[in-house]
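Subject: Handover of the structure and notes on it

Dear colleague,

I am passing the structure below on to you, with some notes to read beside it. Please keep it open while you go through them.

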Number of protein chains: 2
Amino acid sequence: MSNVLKKEDFIMPEGVIYLDGNSLGPMPKSVPERLAQVMNEEWAQMLIRGWNKAGWMAQPTDIGTRVGRLIGAEAGSVVMGDTLSVKVYQALAAGLKMRPDRRVILSDNGNFPSDLYMAEGLVGLLGQDYELRTVAPEDVAGAIDDDVAVVMLTEVDYRTGRMHDMKAVTEMAYAAGAVMVWDLAHSAGAIPVDLAAANCEFAVGCTYKYLNGGPGAPAFIYVRPDLADTAEPALSGWLGHASPFDFDLHYKPAQGIERMRVGTPPVLQMAALDEAMKVWDGIAMSDVRAASIALQEQFIEEVERDVPQLSLASPREAKQRGSQVSFRFEHGYAAMQAVIDRGVIGDFRAPDIMRFGFTPLYLDSSDVTAAVKIIRDVMENRLWDDEAYKVRGRVT
Amino acid sequence: MSNVLKKEDFIMPEGVIYLDGNSLGPMPKSVPERLAQVMNEEWAQMLIRGWNKAGWMAQPTDIGTRVGRLIGAEAGSVVMGDTLSVKVYQALAAGLKMRPDRRVILSDNGNFPSDLYMAEGLVGLLGQDYELRTVAPEDVAGAIDDDVAVVMLTEVDYRTGRMHDMKAVTEMAYAAGAVMVWDLAHSAGAIPVDLAAANCEFAVGCTYKYLNGGPGAPAFIYVRPDLADTAEPALSGWLGHASPFDFDLHYKPAQGIERMRVGTPPVLQMAALDEAMKVWDGIAMSDVRAASIALQEQFIEEVERDVPQLSLASPREAKQRGSQVSFRFEHGYAAMQAVIDRGVIGDFRAPDIMRFGFTPLYLDSSDVTAAVKIIRDVMENRLWDDEAYKVRGRVT
């Protein structure tokens, strides 16, 4: 296994062990200089001409290629833009259009809520007996029947890290004639994904977690190449038009993945993400995965040995987990605040999940040991039992 | 009239007269320092904690308040996010839901194409005889009948600068029982808008033009306060949920304008926009309007005197124009490239419109005179008749 540790490429605050890269990745060192250049040399000096001269217009597909490599996507099948929620909506709406005789979107209750909310909004808008059907993760396979137009799942559960078997579920959806939409929010940059082999119709994801694109970095959408010239984008904005600058009165979708573009792309966020993606040059996801599992196994072993108050919420088997480890603890919210106050940043997910992300680009074995020591200290000394830590409203 | 000229607050490249702030505003000088601070002190140092500690989560409504002041919106009625196309979609979808017995979205063929495209996408998705009806701008009034669920118009025509009478049209829509959606893309920061008085249900707009928020800056949406607790956002993302961090399985819209939020906001773009909005502190839109009209009138007078090859495409009467002046010229595309090459940046809109924006925060009377001199030189000497200028594909 090659070494994937690139600590020197990231800024990490003094005294922090960051186990929350699954929520917001840290800043790659070279981002501020790149943004300064985009502002001072492109926006300020090129003005409107930056759209072509600085390549702003091409960023969504250029960066899509970089992201696509990490998720095993075919060349030219990924485009960046909007937020993950908006891309989920596009994939769902396009999927429903592909199965006009069916009315059900099937998902599971381990999906990230925003995906479910977007589906609710879509079926609410459509009316006509359209329905979001939500089952337990283990019941998904049995629930894929002839009513299902679209199966929408997040590969890695945001709370527990439990993974769906992408290939197996996609095959079941295919066999039942349903369109498959995968949300790769906790997969891209975290685990190897092979979209080309998975044969799903759509995939979506975000880039501010394991890809370190910065707060609010653009999302991505993948459309299987054989469908990219026919999928209806639903959110049919001008930059998805075949000739945006002809200003036709009628929408004519661009060929290929470009049709999934909507409005004017956020150039500053795109540039930050583009810069952040350079960290991945030459890195193989299989090496990242191996390093991640090593860190996770060490963490579980040390926590179970030293911190008996916590009980494992993630699957025990490494291959069934994404790149995070979650533990349950009744007072998890307060405990996490106490842990954070002592420099180990993880996060909390209701009702009782303490979540720790493992990101081998900037974490090593000594970080894990140091983190467990602090968690142990908080638990042994009941440091969580402080009113100040129980006040809700902090994002973490 | 107070002086609104703030040239010293903007970066302008040497030798450029910028008449394209209606497409992409120039960079306010203080933006790079602000972004450096957001990157180095917030993202890099606070990491995930920035969402609360640095106020990232509140940016969309905080900046909404700043933008709201310039468009006469009631306090708390504007929120930032996504792109203008996405906000158009939300307004249209919510408007259709308010008039379940009607099937028509009415617009005009002077509207910006992306607004029409988004409406086409929406009616295509809905099926069931939903229809986008597009008439000539002068025929809108006569076309507002009992079939119309939503009237969607852009106040200022992107090609000619011609203005709709917002108050009059809104009253007609109201009388016919239709919901009114105004696109303020070429209004916000360009002309005084009084949304509270207009009584329209929705308004949307972008911030990278006259508000100088930078390429791809976030859009805004306004919902009339009495409807903000009932309007259905259609794109029902988690940050529009009443309690996003409870991670409920079902969507429950937030009270008020927050429900129009969708996904994770683009923090870097928000910060750039927030900084850019400071330029407007203490500036009255009535003063901006007076200064803009003075510049436009001077420009028209000097062009008509010195450049007879061009014919006015904008309304001659100042009060019927937004903050731009357009001229028709058969070889307008090539002519604009020649003009740009000589330092006067305007833009071109098909088929033959040379468009010049007037932005009194950073343009004065001497700029107008200098610009006309260059345009005259290009036309007198047929400098546009150069093959290099005829090659399409440049954004401007």
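Contact, as the word is used in this email, means heavy atoms within 4.5 Å. With neighbours within four places in sequence left aside, D194(A) is in contact with I71(A) and G72(A). The model is a predicted one, in which local features need pLDDT of at least 70 and side-chain atom pairs count only at pLDDT 80 or more, while totals for chains, interfaces and linings use all residues. Residues are numbered from 1 along each chain as its sequence is written, chains are lettered from A and ligands numbered from 1 in the order in which they are written, and side-chain values use heavy atoms, with hydrogens and water left out.

Two loop residues of chain A

D194(A) sits in the loop between β6 (179–183) and α8 (195–198) of chain A, where helices (H or I, at least four residues) and strands (E, at least two) are DSSP runs numbered from the N terminus. With a relative accessibility of 43%, D194(A) is partly exposed; buried means under 20% relative accessible area, exposed over 50%, and partly exposed in between, with a 1.4 Å probe and protein chains only. Its C-alpha atom is separated by 26 Å from that of A254(A), which is 60 residues away along the chain.

N22(A), in the loop between β1 (17–18) and α1 (31–46) of chain A, is buried at 0% relative accessibility. Residues up to four places away in sequence not being counted, N22(A) touches H186(A), K209(A), Y210(A), Q324(A), R355(A) and G357(A).

The backbone

Most residues other than glycine have a negative phi, and most peptide bonds are trans. L47(A), although not a glycine, has a positive phi of about 55 degrees; it lies in the loop between α1 and α2 (50–53) of chain A and is buried at 0% relative accessibility. N212(A), again not a glycine, has a positive phi of about 60 degrees, and this residue is found in the loop between β7 (202–205) and β8 (219–223) of chain A, buried at 1% relative accessibility. A cis peptide bond joins A350(A) and P351(A), with omega at about 0 degrees, and in chain B a cis peptide bond joins A350(B) and P351(B), with omega at about 5 degrees.

One helix of chain B

Helix α12 of chain B (residues 365–380) has 16 residues and spans 23 Å from its first C-alpha to its last, close to the 22 Å expected, the expected span being 1.5 Å times one less than the number of residues. Which residues of α12(B) are buried? They are D367(B), V368(B), A371(B), V372(B), I375(B), V378(B) and M379(B). Seen down the helix axis, the buried residues of α12(B) fall within an arc of 130 degrees, so they line one face of the helix; the arc is taken from the directions from the helix axis to the C-beta atoms. These buried residues pack against β1 (17–18), α10 (285–306), α11 (332–341), β11 (344–345) and β13 (353–357) of chain B. Just after α12(B), R382(B) takes a positive phi of about 45 degrees.

Between the chains

The contact takes 85 residues from chain A and 85 residues from chain B. The area buried between the two chains is about 7,200 Å², of which carbon and sulfur atoms give 71%; buried area is the accessible area (1.4 Å probe) that two parts lose on being put together, summed over both. W43(A), I48(A) and Y117(A) supply 11% of the area that chain A buries against chain B, more than any other three residues.

Salt bridges

A salt bridge is a side-chain nitrogen of Lys or Arg within 4 Å of a carboxyl oxygen of Asp or Glu. By this rule there are 56 salt bridges over all chains, but zero between chain A and chain B. The side chains of D281(A) and R66(A) meet in a salt bridge (3.2 Å, N to O). D281(A) lies in the loop between α9 (267–277) and α10 (285–306) of chain A and R66(A) in helix α3 (residues 59–70) of chain A, so the pair ties together parts that are 215 residues apart in sequence. In chain B, D157(B) forms a salt bridge with R159(B), with the closest N and O atoms 3.1 Å apart; D157(B) is buried at 2% relative accessibility, whereas R159(B) is partly exposed at 23%.
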